[in-house]
Amino acid sequence: FDMAQAWQPDAVAHRISISSAPPMIALKAVCYSALLLILAIWGYSALAFPPVTLCSQKSAYKSEGQHTDFATTSTVNELKEQLARSDARKAELELQFMAALEPKKVPESHAGQEAQHVIKEYHESTFESTWTKTRRAGKLCATAVGQIQESQLWLNYSMNNFKRQGQLARLPTPQEERVLSYFTDGTGEKHFIEPLSGIARHPLAFNAVNCQKQVVVPSSAWDNQFSGGLFDIRYLVLENACGKPAPKSRAVFFDLGCTKYSDGKAPRPGSIEYDYARGSGAGPSIPLFYNMFRDHCIEFDDIFAWEGIGYSPSAWWAPVPVELKHKLRFYNHFIQELSVADSVAGKQAGHNSFLRMLPLTVKAEDYVVVKVDIDGGPEMQIVEAIAARPELSALVDEIFFEYHFHYDGLSFGWRKTNTVPGSSVDTAINLMSRLRQAGIRAHFWI
């Protein structure tokens with residue numbers, strides 16, 4: 001039956017001559033035409049949106065031996081019910097279609113090893129709380145000297161785990177664990193890190209920073225196996241991937257303030273001769289960090305390095321070994337950022353901005369290490385922005401920062417002209433604590 005013609009009176013009259021028929025026949029013709037019209041509308045709807053319920057009912061009828069077509073044996077009321085069901089089914093299908101367009105959350109059990117090892121929560125130790133819960137400006141050395149015994153437990157763990165050379169890091173003893181801070185991941189595993197200390201370097205380097213000018217420092221602080229000099233970096237507790245899956249598939253290092261690649265004194269990449277007791281005093285930072293993380297079974301796939309002091313390109317690149325040359329990008333210009341307030345607010349700086357370049361070069365799936373040591377440069381802009389902006393903190397896994405804060409009037413290895421105005425041990429601890437609370441393994445650097 002042509003539904004289009006069913007709506008045309010002339011077409012109906014052409015098929016059933018109402019004007020010449022007796023009244024009863026004419027009445028029947030009108031009824032049949034109305035029924036045919038209803039059937040036509042239902043048939044069109046069934047073809048456009050075939051309801052599942054209708055198919056199941058047709059199967060039920062056939063199972064009882066009634067092989068007559070369901071549509072032709074239904075009453076008008078049943079047809080209305082079917083039309084209503086068809087509309088409901090149409091709405092249900094539309095909802096299912098819209099739901100299919102929404103992104104699905106991957107169940108944690110299927111998210112892969114990388115998702116399981118994402119840092120979830122930070123737990124500071126009681127050692128660290130001594131610095132975070134109470135103002136310590138003016139009492140820096142006195143506070144640190146009062147923690148000598150705990151510092152020795154910290155160093156016993158960090159020094160034993162620092163140069164692993166492919167070995168799995170040992171677990172801390174119960175006494176050591178009480179001193180160390182840690183992160184937890186999606187599996188509940190603890191990832192230990194050195195506690196924050198106002199000394200902001202090796203916790204027993206009292207002589208190197210002249211604490212003896214303000215407080216009495218017991219000889220036990222440096223007359224033992226744990227004593228350390230100004231540049232001794234064995235106080236650090238790094239992420240260790242030895243003996244287990246790498247934390248992430250790609251490792252990237254950003255060195256902000258790298259100077260030259262080598263001064264000819266530092267061992268080649270992968271050397272087991274690197275003297276971490278001399279740390280940053282042993283030579284430039286690129287080979288130092290490459291060796292340091294390689295000892296912990298994390299090898300950088302890409303290295304981005306900046307230095308504002310001008311170098312001859314041929315002289316700078318000459319000592320770079322071929323093993324690193326294909327991984328290394330060197331930018332011989334100053335990093336330029338906006339003010340701290342504008343950087344934290346997310347305003348864009350110019351084309352020499354590290355904050356603009358960071359999200360263009362890495363993803364959250366990468367293991368990203370950042371070293372910030374730009375004497376006189378935009379250090380605070382960069383670190384404060386990373387701490388405050390989730391879209392940046394999500395990209396950084398470890399950060400090493402030489403915070404040039406006011407050190408209670410003592411000499412701490414940097415010029416007074418480079419000291420951050422209004423800074424103190426309290427502002428330094430606060431910033432590093434905020435970085436850790438954001439899920440970043442933040443370390444004081446020297």
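The model is predicted, and local features are taken at pLDDT of at least 70 and side-chain atom pairs at pLDDT 80 or more, while totals for chains, interfaces and linings use all residues. Residues are numbered from 1 along each chain as its sequence is written, and side-chain values use heavy atoms, without hydrogens and water.

On a 1 Å grid over the protein atoms alone, a cavity is a set of points where a 1.4 Å probe fits but cannot get out, whereas a pocket is an open set with protein on both sides within 12 Å along at least five of seven lines, and lining residues have an atom within 4 Å of a point. Grid points are joined across faces, edges and corners, and a volume is the space filled by probe spheres set on the points.

Two cavities of 30 Å³ or more are counted, and the lining of the largest cavity includes Trp154, Glu194, Arg201, Tyr235, Arg436 and Phe444. The largest pocket is lined by 35 residues, of which Gly257, Thr259, Glu307, Asp373 and Asp375 are the closest to its centre. In the table, Ala, Val, Leu, Ile, Met, Phe, Trp, Tyr, Cys and Pro count as nonpolar, Asp, Glu, Lys and Arg as charged, and the others, Gly among them, as polar.

| Space | Volume | Lining residues by class |
|---|---|---|
| Largest cavity | about 60 Å³ | six nonpolar, one polar, three charged |
| Largest pocket | about 690 Å³ | 14 nonpolar, 13 polar, eight charged |

**Helix packing**

Helices (H or I, at least four residues) and strands (E, at least two) are DSSP runs, numbered from the N terminus. Helix H17 (residues 379-388) packs against helix H19 (residues 425-437) at an angle of about 40 degrees, with the axes 9 Å apart. In their contact (heavy atoms within 4.5 Å), Met380, Val383, Glu384, Ile386 and Ala387 of H17 meet Leu431, Arg434 and Leu435 of H19. These contact residues divide into six nonpolar, no polar and two charged.

**Positive phi**

Asn210, which is not a glycine, has a positive phi of about 65 degrees, and Asn210 lies in the loop between strand S3 (190-193) and strand S4 (250-256). Cys297, also not a glycine, has a positive phi of about 65 degrees, and Cys297 lies in the loop between helix H12 (285-294) and strand S5 (302-306).

Notes: Axes fitted to C-alpha atoms, helices over the stretch in contact; angles between N-to-C directions.
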